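Work through the exercises below with the sequence and the 3D view at hand. Try each task before reading its solution.

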Amino acid sequence: MSQFDQKRPAFRKLWAICAVVLISCATAKPPHESGDFKASNLVELQRLDPTIQLDIRYATSSNFMHRPLYPEARAFLQRPAAEALAKVNQELKPLGYKLLVFDGYRPWRITKQMWDSTPRANKKFVANPKTGSRHNRGCAVDLSLCELSSGKEVAMPGEYDEMSPRSYVAYTGGTPEQRAMRDLLRSKMEKHGFKVLAAEWWHFDYNDWKSYRIQDVPFDKL
Ligand SMILES: [Zn+2]
């Protein structure tokens, strides 16, 4: 028996595992949802309000996955959520700030990639693809504030997508100025129909999120 023959069962096992992984990735589908839903009407944020600043981290390597997940740096929300966000942005201007958006609608397949790549200890910071994310419904937005004059991001108690207690809305560390910025963002968003996620100061769900289906449409097909 040659050395190759001796190794053949191990090779077969490896190929079988690879095949299962590839097939499961190729056939992965969003969860089936029954019931009545509103028709999707995803609107590009910058078409509605070009003064909303974008920093779409998932279109770059500057994110917790350390690689680009989106082919284009664009942000979409369902129309009522997008219009509410534009109102928040307008209200911030007299205070010297505007919105800085990191992410909006997220195709379901990206949520699945995030879940599969995140270690078990940090899974509380990512959505389970079995139930989907409110980002998949076009009703969640990740964002911060930036200075109106310079476009510079303001300092918050923690970084975007940081997987630590500094991300909690109730975190009492950081400077008083940082906490004030976090609380300003939250108060303006909640005034216009969004609710913050307790574990992520940057994540807000629009109050009507249950009315919209999980979607897996890529940006270039919207
Ligand atoms: Zn989010």
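**Exercise 1.** Find the bridge partner of F194 in β7.

Solution. The partner of F194 in β7 is Y206. This is a predicted model, in which local features need pLDDT of at least 70, side-chain atom pairs count only at pLDDT 80 or more, and totals for chains, interfaces and linings use all residues. Residues are numbered from 1 along each chain as its sequence is written. Strands (E, at least two residues) and helices (H or I, at least four) are DSSP runs, numbered from the N terminus. Two strands pair if DSSP finds at least two bridges between them. Strand β6 covers residues 194–197 and strand β7 residues 200–206; their pairing is antiparallel, over 4 bridges. With 2 residues between them, β6 and β7 form a hairpin.

**Exercise 2.** Give the strand order of the open sheet and name its edge strands.

Solution. The order of the 5 strands is β2-β4-β5-β7-β6, and the pairing is mixed. β2 (53–54) and β6 are the edge strands, since each pairs on one side only.

**Exercise 3.** Locate E200 and decide whether E200 is buried, exposed or partly exposed.

Solution. E200 lies in strand β7. The unreviewed UniProt entry places the feature "active site" at E200; such annotations may be inferred rather than shown by experiment. Count other C-beta atoms, placed from the backbone, within 10 Å: 20 or more means buried, 12 or fewer exposed, and in between partly exposed. E200 has 18 such neighbours, so E200 is partly exposed.
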